[in-house]
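Could you walk me through this structure? I have it open in a viewer and would like to know what to select next.

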Amino acid sequence: MASNAAELPDEQTLRTNVRMWLERNWDPDRKLVEWRRMLAETGWGCPEWPEEWFGLDYPSSLANAVQDEIASFGAIGVARSGVRMLAAATLLEHGSAAQKSQFLGGILSGEDTWCQLFSEPGSGSDLAGLTTRADKQGDHWRINGQKVWTTSAHHANYGMLLARTDWDVPKHRGLTFFVVDMKQPGVEVRPLKQMNGYASFNEVFFTDAIVPLDRVVGERDGGWSVALTTLANERRVADGMRAWGSVQAGTGGIFEELAAETRTVNEPYKWYPQRAGRPDLVISQARAADLDQDPVVRQAIANLLILEKSSQWTARRAREAHLLGRPQGPEGSLGKLAASHVARAAAEVHTMIAGGEALLAGKDGPLDGLIAEILLSVPAISIAGGTDEIQHNIIAERVLGMPKEPRTDVDRPFKDIPRN
Amino acid sequence: MKFSFTEEQALFRDIVRRFVVEQSPREEVRKVMETNAGYDPALWQRLCESLGLHALHIPEKYGGQGFGAVELCIAMEELGRGLVCSPLFGSSVLAGTAILEAGMAQDRELWLPPLAASERRYALAVDEGGGCWDAKSLTMQYTQQGDTYSLSGKKTFVVDGCSADVIVVAAREPETKGLNGITFFMVEASAPGVNRRLLDTVDQTRKLAEIDFNNASAKLLGTPGEGGSALERTIDLCRVYLSNEMVGGAQRLLEDAVTYAGTRLQFGRTIGSFQAIKHKCADLLLHVELAKSAAYCAAEAAATGDPEFSALAALSKAMAADTYVKTAAQTIQIHGGIGFTWENDTHLYFKRAKSSETLFGQPAWHRERMLRGWQI
Ligand SMILES: Cc1cc2nc3c(=O)[nH]c(=O)nc-3n(C[C@H](O)[C@H](O)[C@H](O)COP(=O)(O)OP(=O)(O)OC[C@H]3O[C@@H](n4cnc5c(N)ncnc54)[C@H](O)[C@@H]3O)c2cc1C
């Protein structure tokens, strides 16, 4: 439901209105949740969302202007970071009205955190090959199986769960998408330590976990198309995901609450900005190391900047197309792949600049070990959210329309397919 | 041998490989890397007693085995393959080579036998922060009063510097520049004025130290002021030894990647049956083999005193580093999510690859040195 251009305010008026509203309503001693709920009600929390659900149907230019105004005013925005935004995008597209009204408010207020229960030990790239089972029993579904690499599962209260509901049909047709309550006896979460020392993802074990019937998102056995929406949003390298690990400061009780939220919830995600390679730090580091006039380093930095800028613009084009209601174009998958290239290039330049100190951690290392953290976090970007190889396949087959890889796993009942 | 190994050398490789597999499995590596010392004394003793690796390149007259650079490179490659945590590299390879290159007969007689008898462990302190171990940029000056010498200043990236008994230090005569005036000293680690600190590095398998010298008393090694070319040659030799260690690690990673790709199923088939993965592995093999050829060729050049040695050392270091880092990153990629975990061993190699990439100077710097070595 894209708005008619005639109804859209011009940017200057919009900025003035936002600022006036903030001047009247922003109070750093208000409760964080109360404030976010207020902001969400105005539609300025997520202006690009539909009008009936906390939004204003704005294109990204105007939505960004609102966000920019809120940030420069020094006020706190709605909770937009993390997996919650993937849940929101999925619910907005496939959820029932009841599900939207039940979940969207808690997402924006920050009261609820979410996780994405897709990958399993036996199936990652081949997501549709998953074997966690959901069996219908009377007035609920019973879940058994194991998920892995589940970011945020250790604190999330809701999970987007993809599970198998029919084993006798081809793999993509027997999956159902559920919203599962994470805080229940049948769900056990164990954190997994990563190569960079953090533990932002987990193993999740389901033993007779319960999901009420009205928590099916989309159709029974129609979970695959719902999951594709989640994945498409994840691959757009949502700004919200990038914002993880960063902290907004200010004075007033509300900032203390925000800091507490950041401390408890965001600690395992401190490395998130680093997995993108931190190209923003390259020039200052080169200057600090007195290498900004070194011709070899300059070439490497220049190459990185060209790559970075072009991929930012490509991501912008993807966002714009989406907000104008146009179908997801090739820019989506390209953006994810481009981000991998940028991250790797940035890590190389950082190594070049830091030299022998690149791997020093803590106080011994450049930027208190941040450079080392970049080098150890970048490998995640080409795996999480669908590997680079899978992005290549998607681009070749779906965007370029190239002949599909001959497949033996799609036209048979799932139970007959070899698996790990 | 430059393009093939002799039967004895091949046999020696097998022996070292078997020792590593049996004595230093990866659980052992993980255990030892968590300790401050960074090595297991019992394992080190076995490595010395049953293989004599600690004295491999030390001439027989000083109690060593009298082998050359090629044999030492074979040992390094095998230890690199197994990611073995031992004082071999810091003590015998780095410090031992410095003593061999810089010491006069009486110095060697004094310092090498305790090393060859594995009674004492040494470390080599050269770099002061640039990371290139470049002789010309040394700034630490020694002070002389009659026959006694003392050192003040800071050295860093000292491999196994905290666990060594004696530190071999390169410093310079006051008022000298470039290769002139460079002089080697031996400093007892326990001497007053020596302060050592373990650096916090993410490659836990190789311990590095920062050492502060504050008027520490030092014994001369070699002729005062004449150590410049010995230092350059020492570091070049160590670059070649490190290159061989790196290709050993890269080879092992490639094998891990191929094995995993052959067992992991997605879409009803092994991931190794996808050309994306197959081509990646084939490409890695290409690079690993190229890097091995470079490392072996440089080893031979070290053994024969090839006039191009320095350029070849630079070439092999750049090639091995790029290859090891690339292989490690791709091996993580081929493993998918599990490759990013602490539990999987790939990250241990990834970290060793990254720390080796910059130790003794990084690839771009070596590429430039290679060209200069060839007068280009
Ligand atoms: C930091 C991080 C956070 C994550 N968070 C979440 C999360 O919150 N929720 C969640 O559900 N998952 C999450 N994941 C999991 C992630 O989506 C999977 O790791 C990823 O999809 C790859 O799956 P896999 O690990 O099983 O690897 P595999 O699928 O086994 O892949 C192994 C290798 O085979 C290649 N390969 C597989 N199929 C093909 C093919 N057809 N053609 C060519 N190559 C192929 C892959 O590209 C890869 O190189 C996270 C992962 C990471 C690293």
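Here is a short tour, stop by stop.

**Before you start**

This is a predicted model, in which local features need pLDDT of at least 70 and side-chain atom pairs count only at pLDDT 80 or more, while totals for chains, interfaces and linings use all residues. Residues are numbered from 1 along each chain as its sequence is written, chains are lettered from A and ligands numbered from 1 in the order in which they are written, and side-chain values use heavy atoms, with hydrogens and water left out.

**Stop 1: the interface**

Select chain A and chain B together. The contact (heavy atoms within 4.5 Å) takes 46 residues from chain A and 38 residues from chain B. About 3,500 Å² is buried between the two chains, and carbon and sulfur atoms give 62% of that area. Buried area here is the accessible area (1.4 Å probe) that two parts lose on being put together, summed over both. Now pick out Phe267(B), Gln333(B) and Phe340(B): in chain B they lose the most area to chain A, together 24% of what that side buries.

Next, show the side chains of Lys280(B) and Glu389(A), which meet in a salt bridge at 2.7 Å, N to O. A salt bridge means a side-chain nitrogen of Lys or Arg within 4 Å of a carboxyl oxygen of Asp or Glu. The rule finds 3 salt bridges across this interface.

Helices are DSSP runs of H or I with at least four residues, and strands are runs of E with at least two, numbered from the N terminus.

**Stop 2: the ligand**

Now center on the ligand. Residues from chains A and B surround the ligand, so the site is shared between chains. Of the 28 residues around the ligand (a heavy atom within 4 Å), Ser125(A), Trp149(A), Thr387(A), Arg264(B) and Gly337(B) come nearest.

- Ser125(A): an N or O atom in its side chain is 2.5 Å from an oxygen atom of the ligand.
- Ser119(A): a polar backbone atom is 2.7 Å from an oxygen atom of the ligand.
- Phe118(A): a backbone N or O atom lies 3.1 Å from an oxygen atom of the ligand.

Taken alone, the ligand exposes 960 Å², and the protein buries 95% of that; these accessible areas come from the Shrake-Rupley method with a 1.4 Å probe.

**Stop 3: a link within chain A**

Finally, select Glu69(A) and Arg15(A), whose side chains meet in a salt bridge (2.8 Å, N to O). This pair links distant parts of the chain: Glu69(A) is in helix α3 (residues 60-73) and Arg15(A) in helix α1 (residues 11-25), 54 residues apart. Over all chains, a search of the whole structure finds 48 salt bridges.

Notes. Polar contact = N/O pair within 3.5 Å; in protein donor to acceptor, adjacent residues only side chain to side chain.
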